[in-house]
Amino acid sequence: MYKSIRLRKGKDESLRRFHPWIFSGAIQQIEEGIQEGEVVRVLTFEGDFIATGHYQQGSIAVRVLTFSDVVIDDAFWHARLLSALQMRQAIGLIGDDSVSEESGNSYRLVHGEGDNLPGLIIDVYGKTAVMQAHSIGMHLMRKQIAQALADVMESRLSHIYYKSETTLPFMTADDMNGFLYGGSDDNIALENGLKFRVDWLKGQKTGFFVDQRENRSLLEQYARDKRVLNMFCYTGGFSFYAMRGGAALVHSVDSSAKAIELTRENVELNFPGDPRHEAFCEDAFKFLENIGYPRSPLSYDLIILDPPAFAKHRGALHNALKGYTRLNQKAFEKIEKGGILFTFSCSQVVTKDHFRNAVFTAAALARRKVRILHQLHQPADHPINIYHPEGEYLKGLVLYVE
(Lines give C-alpha, C1' and ligand atoms only; values in the text may rest on other atoms or scores of the structure.)
Protein backbone atom coordinates (compact mmCIF):
# COMPACT_ATOMS: atom_id res chain seq x y z
CA MET A 1 0.00 0.00 0.00
CA TYR A 2 1.09 3.57 -0.62
CA LYS A 3 2.83 5.75 1.97
CA SER A 4 0.74 8.44 3.64
CA ILE A 5 0.59 12.19 4.11
CA ARG A 6 -1.42 13.59 7.02
CA LEU A 7 -3.14 16.97 6.83
CA ARG A 8 -3.33 19.69 9.45
CA LYS A 9 -6.51 19.98 11.43
CA GLY A 10 -9.32 21.47 9.35
CA LYS A 11 -7.31 21.40 6.11
CA ASP A 12 -9.47 18.67 4.57
CA GLU A 13 -12.39 21.02 3.83
CA SER A 14 -11.38 21.74 0.22
CA LEU A 15 -10.95 18.02 -0.43
CA ARG A 16 -14.45 17.37 0.85
CA ARG A 17 -15.50 19.77 -1.92
CA PHE A 18 -13.43 17.64 -4.35
CA HIS A 19 -10.80 20.27 -5.12
CA PRO A 20 -7.86 18.38 -6.71
CA TRP A 21 -4.97 20.31 -5.17
CA ILE A 22 -3.36 20.04 -1.73
CA PHE A 23 -1.03 22.91 -0.87
CA SER A 24 2.14 22.38 1.12
CA GLY A 25 0.90 24.53 3.99
CA ALA A 26 -1.98 22.12 4.59
CA ILE A 27 0.33 19.20 5.40
CA GLN A 28 1.00 18.17 8.99
CA GLN A 29 3.23 15.14 8.41
CA ILE A 30 4.94 13.32 5.51
CA GLU A 31 5.77 9.67 6.00
CA GLU A 32 9.50 9.00 5.86
CA GLY A 33 10.89 7.92 2.52
CA ILE A 34 8.31 9.50 0.21
CA GLN A 35 9.93 10.57 -3.07
CA GLU A 36 8.84 13.21 -5.56
CA GLY A 37 6.34 11.84 -8.04
CA GLU A 38 5.31 8.99 -5.77
CA VAL A 39 1.65 8.03 -5.35
CA VAL A 40 0.52 8.77 -1.79
CA ARG A 41 -2.56 8.26 0.35
CA VAL A 42 -3.82 11.45 1.97
CA LEU A 43 -5.22 11.24 5.48
CA THR A 44 -7.17 13.77 7.51
CA PHE A 45 -5.76 15.05 10.80
CA GLU A 46 -7.84 12.35 12.50
CA GLY A 47 -6.24 9.66 10.33
CA ASP A 48 -9.13 8.93 7.95
CA PHE A 49 -8.46 8.36 4.24
CA ILE A 50 -9.61 11.18 1.96
CA ALA A 51 -7.65 11.07 -1.34
CA THR A 52 -4.93 9.46 -3.47
CA GLY A 53 -2.55 11.54 -5.56
CA HIS A 54 0.94 12.38 -6.79
CA TYR A 55 3.32 14.01 -4.30
CA GLN A 56 5.67 16.77 -5.42
CA GLN A 57 7.74 19.39 -3.65
CA GLY A 58 6.47 22.91 -4.15
CA SER A 59 3.40 25.00 -3.48
CA ILE A 60 1.03 22.34 -4.83
CA ALA A 61 2.23 19.35 -2.84
CA VAL A 62 -0.32 16.76 -3.97
CA ARG A 63 -2.34 16.58 -7.18
CA VAL A 64 -5.32 14.36 -6.45
CA LEU A 65 -5.92 11.49 -8.86
CA THR A 66 -8.91 10.01 -7.07
CA PHE A 67 -10.95 10.35 -3.91
CA SER A 68 -11.19 6.56 -3.69
CA ASP A 69 -8.71 4.34 -1.89
CA VAL A 70 -7.63 2.40 -4.97
CA VAL A 71 -4.44 1.28 -6.69
CA ILE A 72 -3.22 3.49 -9.54
CA ASP A 73 -2.63 0.75 -12.09
CA ASP A 74 -3.17 0.03 -15.79
CA ALA A 75 -6.92 -0.31 -15.26
CA PHE A 76 -7.05 3.14 -13.62
CA TRP A 77 -5.31 4.87 -16.55
CA HIS A 78 -7.41 2.98 -19.07
CA ALA A 79 -10.66 4.01 -17.35
CA ARG A 80 -9.67 7.69 -17.08
CA LEU A 81 -8.52 7.91 -20.70
CA LEU A 82 -11.64 6.09 -21.90
CA SER A 83 -13.78 8.60 -19.98
CA ALA A 84 -11.94 11.47 -21.71
CA LEU A 85 -12.50 9.88 -25.12
CA GLN A 86 -16.18 9.24 -24.42
CA MET A 87 -16.73 12.89 -23.47
CA ARG A 88 -15.25 14.04 -26.82
CA GLN A 89 -17.51 11.54 -28.58
CA ALA A 90 -20.53 12.80 -26.64
CA ILE A 91 -19.98 16.38 -27.85
CA GLY A 92 -19.54 15.21 -31.45
CA LEU A 93 -15.85 16.10 -31.72
CA ILE A 94 -14.82 12.51 -32.42
CA GLY A 95 -16.83 9.87 -34.29
CA ASP A 96 -16.88 6.18 -33.52
CA ASP A 97 -13.59 5.61 -35.31
CA SER A 98 -12.05 9.03 -35.99
CA VAL A 99 -12.68 12.71 -36.42
CA SER A 100 -13.88 14.07 -39.74
CA GLU A 101 -10.90 14.29 -42.10
CA GLU A 102 -12.71 16.98 -44.08
CA SER A 103 -13.34 19.32 -41.16
CA GLY A 104 -10.44 18.50 -38.86
CA ASN A 105 -8.40 15.93 -36.99
CA SER A 106 -6.99 18.05 -34.15
CA TYR A 107 -8.34 18.24 -30.62
CA ARG A 108 -7.41 17.99 -26.95
CA LEU A 109 -8.04 14.54 -25.54
CA VAL A 110 -6.88 15.16 -21.95
CA HIS A 111 -7.07 18.53 -20.22
CA GLY A 112 -5.48 18.00 -16.81
CA GLU A 113 -7.85 18.64 -13.93
CA GLY A 114 -10.74 19.06 -16.38
CA ASP A 115 -10.45 15.35 -17.17
CA ASN A 116 -9.55 14.30 -13.61
CA LEU A 117 -5.93 13.76 -14.64
CA PRO A 118 -4.09 16.70 -13.03
CA GLY A 119 -0.65 17.27 -14.48
CA LEU A 120 -1.37 15.60 -17.84
CA ILE A 121 -2.12 17.15 -21.24
CA ILE A 122 -2.72 15.17 -24.43
CA ASP A 123 -3.39 16.84 -27.79
CA VAL A 124 -4.16 14.80 -30.90
CA TYR A 125 -3.05 15.84 -34.39
CA GLY A 126 -4.25 13.32 -36.94
CA LYS A 127 -2.77 9.95 -36.03
CA THR A 128 -0.25 11.46 -33.57
CA ALA A 129 -0.89 12.27 -29.92
CA VAL A 130 1.43 14.71 -28.17
CA MET A 131 1.57 13.99 -24.45
CA GLN A 132 2.90 16.52 -21.95
CA ALA A 133 3.51 16.14 -18.22
CA HIS A 134 3.17 19.07 -15.83
CA SER A 135 3.99 17.02 -12.74
CA ILE A 136 6.79 14.63 -11.87
CA GLY A 137 4.24 11.94 -11.06
CA MET A 138 2.83 11.98 -14.58
CA HIS A 139 6.35 12.02 -16.00
CA LEU A 140 7.32 8.89 -14.08
CA MET A 141 4.19 7.08 -15.33
CA ARG A 142 4.50 8.26 -18.94
CA LYS A 143 5.13 4.81 -20.45
CA GLN A 144 2.26 3.23 -18.54
CA ILE A 145 -0.04 6.07 -19.63
CA ALA A 146 1.14 5.84 -23.24
CA GLN A 147 0.31 2.14 -23.39
CA ALA A 148 -3.15 2.76 -21.92
CA LEU A 149 -3.66 5.58 -24.43
CA ALA A 150 -2.75 3.33 -27.36
CA ASP A 151 -5.15 0.67 -26.07
CA VAL A 152 -8.03 3.12 -25.63
CA MET A 153 -7.58 4.93 -28.94
CA GLU A 154 -7.04 1.74 -31.00
CA SER A 155 -6.97 2.56 -34.74
CA ARG A 156 -7.48 6.29 -34.14
CA LEU A 157 -3.84 6.63 -33.10
CA SER A 158 -0.54 5.39 -34.54
CA HIS A 159 2.05 7.57 -32.75
CA ILE A 160 2.54 9.05 -29.28
CA TYR A 161 5.14 11.78 -28.85
CA TYR A 162 6.21 12.81 -25.35
CA LYS A 163 7.14 16.49 -24.94
CA SER A 164 7.89 17.65 -21.39
CA GLU A 165 11.32 19.27 -21.57
CA THR A 166 9.82 22.77 -21.22
CA THR A 167 7.13 21.90 -18.68
CA LEU A 168 9.52 20.09 -16.31
CA PRO A 169 12.69 22.14 -16.86
CA PHE A 170 14.14 21.20 -13.47
CA MET A 171 14.28 17.52 -14.38
CA THR A 172 17.59 16.11 -15.55
CA ALA A 173 16.40 12.64 -16.48
CA ASP A 174 16.60 11.34 -20.04
CA ASP A 175 13.60 10.83 -22.30
CA MET A 176 11.98 14.21 -21.71
CA ASN A 177 11.16 14.42 -25.43
CA GLY A 178 10.66 11.61 -27.92
CA PHE A 179 8.27 9.00 -29.26
CA LEU A 180 6.87 6.56 -26.72
CA TYR A 181 4.84 4.72 -29.34
CA GLY A 182 5.28 4.53 -33.10
CA GLY A 183 7.16 7.36 -34.79
CA SER A 184 6.32 9.70 -37.65
CA ASP A 185 7.68 12.73 -39.50
CA ASP A 186 4.23 13.67 -40.81
CA ASN A 187 3.46 16.79 -38.79
CA ILE A 188 0.74 18.35 -40.94
CA ALA A 189 -2.68 18.37 -39.26
CA LEU A 190 -6.12 19.66 -40.18
CA GLU A 191 -8.47 22.06 -38.42
CA ASN A 192 -11.83 23.08 -39.91
CA GLY A 193 -10.51 22.22 -43.36
CA LEU A 194 -7.28 24.23 -43.01
CA LYS A 195 -3.81 22.70 -42.83
CA PHE A 196 -1.13 23.58 -40.33
CA ARG A 197 2.30 22.28 -39.45
CA VAL A 198 2.71 21.10 -35.85
CA ASP A 199 6.15 21.69 -34.33
CA TRP A 200 6.01 19.12 -31.56
CA LEU A 201 9.81 19.01 -31.44
CA LYS A 202 10.57 22.63 -30.49
CA GLY A 203 7.26 24.48 -30.60
CA GLN A 204 5.37 25.99 -27.67
CA LYS A 205 2.98 23.81 -25.66
CA THR A 206 2.27 20.67 -27.72
CA GLY A 207 3.08 22.44 -30.99
CA PHE A 208 -0.17 24.29 -31.73
CA PHE A 209 -2.88 26.09 -29.76
CA VAL A 210 -5.98 23.98 -30.31
CA ASP A 211 -7.84 25.97 -27.66
CA GLN A 212 -8.46 28.83 -30.13
CA ARG A 213 -10.14 26.62 -32.75
CA GLU A 214 -13.67 28.00 -32.30
CA ASN A 215 -12.47 31.57 -31.84
CA ARG A 216 -10.51 31.35 -35.09
CA SER A 217 -13.70 30.21 -36.85
CA LEU A 218 -15.53 33.22 -35.43
CA LEU A 219 -12.81 35.56 -36.66
CA GLU A 220 -13.19 34.13 -40.16
CA GLN A 221 -16.78 35.40 -40.22
CA TYR A 222 -15.60 38.98 -39.59
CA ALA A 223 -12.61 39.03 -41.93
CA ARG A 224 -14.11 39.83 -45.35
CA ASP A 225 -12.44 42.86 -46.95
CA LYS A 226 -10.71 43.70 -43.65
CA ARG A 227 -7.11 44.77 -43.15
CA VAL A 228 -6.09 42.31 -40.44
CA LEU A 229 -3.28 42.51 -37.91
CA ASN A 230 -2.52 39.29 -36.01
CA MET A 231 -0.31 40.12 -33.02
CA PHE A 232 1.57 37.35 -31.17
CA CYS A 233 0.73 35.19 -34.20
CA TYR A 234 2.82 32.15 -33.14
CA THR A 235 2.13 29.71 -36.02
CA GLY A 236 -0.40 31.97 -37.75
CA GLY A 237 -3.69 30.26 -36.90
CA PHE A 238 -5.79 33.43 -36.89
CA SER A 239 -3.97 34.64 -40.02
CA PHE A 240 -4.92 31.84 -42.38
CA TYR A 241 -8.50 31.78 -41.06
CA ALA A 242 -8.70 35.51 -41.84
CA MET A 243 -7.39 34.84 -45.36
CA ARG A 244 -10.01 32.18 -45.99
CA GLY A 245 -12.59 34.63 -44.70
CA GLY A 246 -11.70 37.03 -47.52
CA ALA A 247 -9.43 39.53 -45.76
CA ALA A 248 -7.98 42.26 -47.98
CA LEU A 249 -4.59 41.80 -46.32
CA VAL A 250 -3.18 40.03 -43.28
CA HIS A 251 -0.08 41.02 -41.33
CA SER A 252 1.31 38.55 -38.78
CA VAL A 253 3.63 39.73 -35.99
CA ASP A 254 5.67 37.76 -33.46
CA SER A 255 8.98 38.39 -31.68
CA SER A 256 10.07 34.81 -32.39
CA ALA A 257 11.81 34.20 -35.73
CA LYS A 258 10.84 30.51 -35.47
CA ALA A 259 7.17 31.46 -35.06
CA ILE A 260 7.33 33.72 -38.09
CA GLU A 261 8.90 30.90 -40.11
CA LEU A 262 6.07 28.54 -39.10
CA THR A 263 3.45 31.19 -39.88
CA ARG A 264 4.83 31.62 -43.38
CA GLU A 265 4.87 27.84 -43.87
CA ASN A 266 1.27 27.49 -42.69
CA VAL A 267 0.01 30.32 -44.89
CA GLU A 268 1.83 28.74 -47.85
CA LEU A 269 0.21 25.37 -47.09
CA ASN A 270 -3.24 26.90 -47.45
CA PHE A 271 -2.71 29.88 -49.77
CA PRO A 272 0.45 29.29 -51.82
CA GLY A 273 1.83 32.47 -53.34
CA ASP A 274 -0.96 34.65 -51.95
CA PRO A 275 0.33 38.27 -51.85
CA ARG A 276 -2.17 39.34 -49.17
CA HIS A 277 0.00 38.02 -46.34
CA GLU A 278 3.16 39.47 -44.84
CA ALA A 279 4.93 38.48 -41.61
CA PHE A 280 7.09 40.61 -39.30
CA CYS A 281 9.51 39.44 -36.61
CA GLU A 282 9.18 42.30 -34.15
CA ASP A 283 8.20 43.17 -30.59
CA ALA A 284 4.42 43.63 -30.33
CA PHE A 285 4.46 46.93 -28.45
CA LYS A 286 7.04 48.38 -30.83
CA PHE A 287 5.05 47.30 -33.86
CA LEU A 288 1.82 48.81 -32.52
CA GLU A 289 3.61 52.03 -31.68
CA ASN A 290 4.92 52.31 -35.23
CA ILE A 291 1.65 51.65 -37.05
CA GLY A 292 1.27 54.53 -39.49
CA TYR A 293 4.21 56.84 -40.10
CA PRO A 294 7.13 56.11 -40.31
CA ARG A 295 6.36 52.41 -41.09
CA SER A 296 3.67 53.19 -43.67
CA PRO A 297 0.36 55.02 -43.86
CA LEU A 298 -1.36 51.65 -43.45
CA SER A 299 -3.91 51.11 -40.70
CA TYR A 300 -5.97 48.10 -39.61
CA ASP A 301 -9.67 47.54 -39.06
CA LEU A 302 -9.41 44.06 -37.48
CA ILE A 303 -6.77 43.38 -34.83
CA ILE A 304 -6.11 40.18 -32.86
CA LEU A 305 -4.27 40.36 -29.53
CA ASP A 306 -3.47 36.85 -28.31
CA PRO A 307 -0.38 37.27 -26.09
CA PRO A 308 1.32 34.58 -24.01
CA ALA A 309 0.41 34.45 -20.34
CA PHE A 310 1.43 37.74 -18.72
CA ALA A 311 1.02 36.19 -15.24
CA LYS A 312 1.91 32.60 -14.35
CA HIS A 313 1.48 33.11 -10.60
CA ARG A 314 -0.47 35.46 -8.31
CA GLY A 315 2.57 37.52 -7.48
CA ALA A 316 2.72 38.69 -11.10
CA LEU A 317 -0.97 39.63 -11.31
CA HIS A 318 -0.60 43.39 -10.77
CA ASN A 319 2.07 43.81 -13.45
CA ALA A 320 0.15 41.52 -15.80
CA LEU A 321 -2.98 43.66 -15.59
CA LYS A 322 -0.90 46.74 -16.32
CA GLY A 323 0.50 44.92 -19.35
CA TYR A 324 -2.96 43.99 -20.64
CA THR A 325 -4.13 47.57 -20.17
CA ARG A 326 -1.13 49.01 -21.99
CA LEU A 327 -1.39 46.53 -24.88
CA ASN A 328 -5.11 47.03 -25.41
CA GLN A 329 -4.85 50.80 -25.06
CA LYS A 330 -2.31 50.88 -27.89
CA ALA A 331 -4.60 48.74 -30.06
CA PHE A 332 -7.58 51.00 -29.32
CA GLU A 333 -5.51 54.03 -30.27
CA LYS A 334 -4.43 52.51 -33.58
CA ILE A 335 -7.49 50.63 -34.84
CA GLU A 336 -9.64 52.32 -37.46
CA LYS A 337 -13.10 53.71 -36.69
CA GLY A 338 -15.60 50.90 -36.96
CA GLY A 339 -12.83 48.36 -36.35
CA ILE A 340 -13.13 45.03 -34.54
CA LEU A 341 -10.73 43.88 -31.83
CA PHE A 342 -10.31 40.25 -30.75
CA THR A 343 -8.43 40.38 -27.43
CA PHE A 344 -7.46 37.49 -25.15
CA SER A 345 -5.82 36.47 -21.89
CA CYS A 346 -4.61 32.92 -21.27
CA SER A 347 -3.31 33.68 -17.74
CA GLN A 348 -5.00 31.36 -15.26
CA VAL A 349 -4.65 33.80 -12.36
CA VAL A 350 -6.30 36.60 -14.38
CA THR A 351 -10.06 36.23 -13.87
CA LYS A 352 -12.71 37.29 -16.37
CA ASP A 353 -13.42 40.36 -14.23
CA HIS A 354 -9.72 41.23 -14.00
CA PHE A 355 -9.34 41.01 -17.75
CA ARG A 356 -12.48 42.93 -18.57
CA ASN A 357 -11.53 45.73 -16.19
CA ALA A 358 -8.09 45.98 -17.80
CA VAL A 359 -9.63 46.21 -21.28
CA PHE A 360 -12.26 48.71 -20.12
CA THR A 361 -9.54 50.86 -18.58
CA ALA A 362 -7.62 50.71 -21.86
CA ALA A 363 -10.67 51.83 -23.82
CA ALA A 364 -11.25 54.75 -21.47
CA LEU A 365 -7.61 55.84 -21.64
CA ALA A 366 -7.78 55.69 -25.45
CA ARG A 367 -11.07 57.64 -25.35
CA ARG A 368 -12.82 55.22 -27.71
CA LYS A 369 -16.45 54.10 -27.65
CA VAL A 370 -16.44 50.31 -27.40
CA ARG A 371 -19.18 47.68 -27.50
CA ILE A 372 -18.90 43.98 -26.63
CA LEU A 373 -19.96 41.67 -29.46
CA HIS A 374 -18.84 38.35 -27.97
CA GLN A 375 -17.35 37.00 -24.74
CA LEU A 376 -15.05 34.11 -25.59
CA HIS A 377 -13.60 31.16 -23.70
CA GLN A 378 -11.91 27.82 -24.14
CA PRO A 379 -13.69 25.11 -26.19
CA ALA A 380 -15.44 22.03 -24.86
CA ASP A 381 -12.43 19.75 -25.35
CA HIS A 382 -10.73 21.91 -22.69
CA PRO A 383 -13.35 21.19 -20.00
CA ILE A 384 -13.42 22.85 -16.60
CA ASN A 385 -13.78 20.63 -13.55
CA ILE A 386 -16.68 22.20 -11.66
CA TYR A 387 -14.72 21.72 -8.42
CA HIS A 388 -11.64 23.42 -9.91
CA PRO A 389 -12.62 26.88 -11.18
CA GLU A 390 -8.93 27.69 -11.74
CA GLY A 391 -9.21 25.59 -14.89
CA GLU A 392 -11.05 28.43 -16.66
CA TYR A 393 -7.93 30.03 -18.05
CA LEU A 394 -8.83 31.41 -21.51
CA LYS A 395 -10.77 34.66 -21.62
CA GLY A 396 -11.56 36.72 -24.68
CA LEU A 397 -13.62 39.65 -25.90
CA VAL A 398 -14.68 40.66 -29.40
CA LEU A 399 -15.16 44.43 -29.43
CA TYR A 400 -16.60 46.94 -31.89
CA VAL A 401 -14.62 50.17 -31.70
CA GLU A 402 -16.23 53.42 -32.84
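Among contacts in the protein between residues at least 6 apart in sequence, 65% join residues at least 24 apart. The model examined here is a predicted one, and in this model the protein contains 10 helices and 20 strands. Its radius of gyration is 22 Å, close to the 21 Å that the globule rule gives for 402 residues, so the protein is as compact as a globular protein of that length. Along its principal axes, the C-alpha trace spans about 70 × 45 × 40 Å, and buried residues account for 55% of the 402 residues.

Two of the helices are now considered as a pair. Two packed helices are described by the angle between their axes and the distance between the axes. For helix α9, which covers residues 317-334, and helix α10, which covers residues 352-366, the axes come within 8 Å and cross at roughly 40°. The two helices are therefore oblique to each other, since an angle under 35 degrees would be needed for them to count as roughly parallel. The crossing in which α9 passes α10 is right-handed.

The contact between these helices can also be described residue by residue. On the α9 side it is formed by L317, L321, Y324, T325, N328, Q329, F332 and E333, which meet H354, F355, A358, V359, T361, A362, A363, L365 and A366 in α10. When the residues in this contact of α9 with α10 are sorted by class, 11 are nonpolar, five are polar and one is charged.

Definitions and conventions. Residues numbered from 1 in each chain as written. Predicted model: local features only at pLDDT ≥ 70, side-chain atom pairs only at ≥ 80, totals over all residues. Heavy atoms only, no water. Axes fitted to C-alpha atoms, helices over the stretch in contact; angles between N-to-C directions. Helix = DSSP H or I, 4+ residues; strand = E, 2+ residues; numbered from the N terminus. Parallel < 35°, antiparallel > 145°, perpendicular 65-115°, else oblique. Left-handed = near helix turned anticlockwise from the far one by under 90°. Contact = heavy atoms within 4.5 Å. Nonpolar A, V, L, I, M, F, W, Y, C, P; charged D, E, K, R; others polar. Rg over C-alpha atoms; globule rule 2.2 N^0.38 Å. Buried < 20%, exposed > 50% of the residue type's maximum accessible area, 1.4 Å probe, protein only.
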